[in-house]
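Subject: Structure handover, with notes on cores, salt bridges and disulfides

Dear colleague,

I am passing the structure below on to you, together with my notes. Please read the notes with the structure open beside them.

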Amino acid sequence: MGSSSYLLLGLLLLCCTVAANKEPLENAKYKDPKEPLGVRIKNLMSHMTLEEKIGQMVQVERVNATTEVMKKYFGIMFLGSVFSGGGSVPTPYASPEAWVNMVNEIQKKALSTRLGIPIIYGIDAVHGHNTVYNATIFPHNIGLGVTRDPGLVKRIGEATALEVRATGIQYVFAPCIAVCRDPRWGRCYESYSEDHKIVQQMTEIIPGLQGDLPTGQKGVPYVAGKTKVAACAKHFVGDGGTLRGMNANNTVINTNGLLGIHMPAYYDAVKKGVATVMVSYSSINGLKMHANKKLITDFLKNKLKFRGIVISDYLGVDQINTPLGANYSHSVYAAITAGLDMFMGSSNLTKLIDELTSQVKRKLIPMSRIDDAVKRILRVKFTMGLFENPIADHSLANQLGSKEHRELAREAVRKSLVLLKNGENADKPLLPLPKKANKILVAGTHADNLGYQCGGWTITWQGLNGNNLTIGTTILTAVKNTVDPKTQVIYNQNPDTNFVKSGDFDYSIVVIGEKPYAEGFGDSTNLTISEPGTSTIENVCASVKCVVVVVSGRPVVMQPYISNIDALVAAWLPGTEGQGVADVLFGDYGFTGKLARTWFKTVDQLPMNVGDPHYDPLYPFGFGLITNPN
């Protein structure tokens with residue numbers, strides 16, 4: 001498109017706007033923060049063309065939000081939102097200042113458009129600000145569910161909001177309020193529990209992220225200023241109930257099951273003013289959720305009175321039909337008429353815009369549906385103060401990875417640990433371990449690996465291996481920090497039997513588990529410990545007293561090894577603050593965690609959840625041995 005075409009487009013937009021509203025833009029009511037919210041929304045919409053409205057409904061990945069790309073598509077930028085996908089960063093190891101500068105650069109382009117509508121920038125912050133170097137990485141949700149401590153989770157939300165705002169970002173794709181009913185699912189660690197009641201309690205993270213709703217206000221999106229972020233309850237709905245735990249698969253369920261297990265946490269999220277809800281890739285009884293009008297519009301919007309933004313998952317609309325992008329016109333129509341307000345990503349951005357525009361002009365999609373979507377988007381933007389404070393500053397940079405936040409994460413790690421075995425009987429416990437010893441052995445693939453300790457959704461989408469991904473404390477380092485200075489700590493990742501027998505060790509700590517994964521890449525049919533974890537258990541525990549610490553995103557097969565293990569601890573995915581593990585192993589704090597998931601004996605039993613008729617677990621839901629601090 002040539003420069004003359006851009007000019008013509010601008011004139012057409014202007015003419016359309018003048019026809020709709022003759023009020024001068026410089027005096028427009030939507031720019032006045034003293035005007036009531038409803039007046040500002042209505043006034044701004046009266047100035048908007050169809051193209052500008054549709055632009056608000058599109059969210060693009062950061063790398064596509066450049067001036068050049070936007071000019072190629074539209075000639076000007078009037079998109080509603082930009083986001084960072086997993087691992088999408090300004091530069092490797094980027095500082096908070098670099099993040100703020102990048103977000104502000106994009107924001108300034110949005111503000112330079114005719115109406116000056118700010119973008120809202122989103123990112124996955126699912127266990128802290130997990131994409132950003134030096135951020136505090138909290139335990140994944142599976143560990144937080146163990147704590148049964150809504151107040152702790154709220155404080156984690158508050159800390160996460162500060163760290164996200166330190167990078168100039170205003171919106172997080174969290175929390176995940178899935179109820180994982182089958183640990184074979186690769187996202188089970190993003191779920192607080194198999195029990196919806198625990199998941200409901202943990203929605204307290206929403207006021208932590210967004211701020212407490214003002215007295216008397218319920219169910220209206222609310223974000224309390226520049227130290228808070230818009231939250232996103234996900235993935236609506238039934239994502240944790242798919243067949244065989246397969247990611248984005250089909251959830252076969254009756255109405256009572258859907259409303260009784262998977263829906264309750266959404267009641268709480270809406271009541272607490274969650275700003276956005278993300279739709280699930282999965283299906284309910286064969287119908288893709290992205291095309292489910294009955295649940296999105298009739299239930300979420302009309303019955304629950306949700307007034308925020310319903311956003312797709314990444315390329316979720318493109319996946320309504322298979323293969324990806326097939327019968328795209330139908331996918332766009334199905335998603336919009338189902339009640340979707342914002343598209344996250346598109347395999348073909350120009351085609352998406354063209355399809356939306358064409359279908360509205362042909363009256364296939366009613367204008368009232370577009371207006372509903374835009375009203376919701378603007379409601380969130382006005383409510384969170386984006387029009388008054390669109391540009392971020394560097395004043396919160398010191399919040400990223402702060403000492404206070406790391407101490408909070410350490411507390412969360414302590415409370416998330418579950419003691420499953422402690423000696424052959426209560427009279428001869430192994431834990432807490434003595435700090436004073438002649439020589440101890442630390443072994444296992446996960447003992448000195450920060451990436452494994454943090455799991456998926458850490459720096460990158462799938463997570464990383466090693467210790468140079470970010471700042472943190474490994475479990476090995478934590479052990480060395482904790483024991484008496486005269487205690488000799490020997491680390492051998494996978495020692496053979498001869499090494500162990502000849503070492504004259506007082507006791508051993510074996511840290512094994514799963515390698516990082518995210519989403520469908522973590523779907524598993526066998527749920528085994530990553531090799532050489534099992535051989536490490538056998539080599540070490542046969543010859544010296546051992547505590548085995550399992551670092552995993554879900555229960556894994558342990559039954560064959562239990563008899564050889566003196567003590568067993570489920571540490572889940574603790575994040576950067578491994579010191580919290582040592583705090584409890586050595587008795588500075590006691591074990592208090594109780595399983596929020598059933599620990600199965602064999603995968604043949606799955607799915608198996610508390611209350612099922614044939615419930616025969618290795619460790620039942622709610623199990624957890626208690627120790628007193630020294």
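What follows goes through the nonpolar cores, the salt bridges and the cysteines in turn.

The model is predicted, so please keep the limits in mind: local features need pLDDT of at least 70 and side-chain atom pairs count only at pLDDT 80 or more, whereas totals for chains, interfaces and linings use all residues. Residues are numbered from 1 along each chain as its sequence is written, and side-chain values use heavy atoms, with hydrogens and water left out.

In soluble globular proteins, nonpolar side chains tend to be buried together. The largest nonpolar core here has 119 residues, and those with the most contacts inside it are Leu 44, Phe 236, Tyr 266, Leu 295 and Leu 378. The largest share of this core, seven residues, is supplied by helix 15 (residues 367-383). A core is taken as a set of buried Ala, Val, Leu, Ile, Met, Phe, Trp, Tyr and Cys residues joined through side-chain atoms within 4.5 Å; buried means under 20% relative accessible area, exposed over 50%, and partly exposed in between, with a 1.4 Å probe and protein chains only. Helices (H or I, at least four residues) and strands (E, at least two) are DSSP runs numbered from the N terminus. Leaving aside residues up to four places away in sequence, Tyr 266 touches Ile 177, Ala 233, Lys 234, His 235, Phe 236, Val 237, Val 277 and Leu 304, where contact means heavy atoms within 4.5 Å. A second, separate core has 67 residues, including Val 442, Ala 443, Phe 505 and Ala 570.

**Salt bridges**

The search of the whole structure finds 31 salt bridges, each being a side-chain nitrogen of Lys or Arg within 4 Å of a carboxyl oxygen of Asp or Glu. Lys 234, one of the residues that Tyr 266 touches, forms a salt bridge with Asp 124, with 3.2 Å between the closest N and O atoms. This pair links distant parts of the chain, 110 residues apart, with Lys 234 in strand 5 (residues 232-236) and Asp 124 in the loop between strand 3 (120-123) and helix 6 (141-147). Both Lys 234 and Asp 124 are buried.

Asp 341 and Arg 369 form another salt bridge, in which the closest N and O atoms are 2.6 Å apart. Asp 341 lies in the loop between helix 13 (328-338) and strand 11 (343-344), while Arg 369 is in helix 15, so the pair ties together parts that are 28 residues apart in sequence. Asp 341 counts as buried at 0% relative accessibility, and Arg 369 is buried at 10%. Both belong to a network of salt bridges that links Lys 301, Asp 341, Arg 369, Asp 372 and Arg 376.

**Cysteines**

Two disulfides are found in the whole structure, a disulfide being a pair of cysteine sulfur atoms within 2.5 Å. Cys 180 is joined to Cys 188 (S to S 2.1 Å), and this link is left-handed, with -105 degrees about the S-S bond. Cys 541 is joined to Cys 546, also with S to S 2.1 Å; the torsion about their S-S bond is about 110 degrees, so this disulfide is right-handed. Counting bonded cysteines along the chain, the pattern is 1-2, 3-4. Cys 176 is in no disulfide, and the nearest cysteine sulfur, that of Cys 180, is 9.2 Å away.

With best wishes
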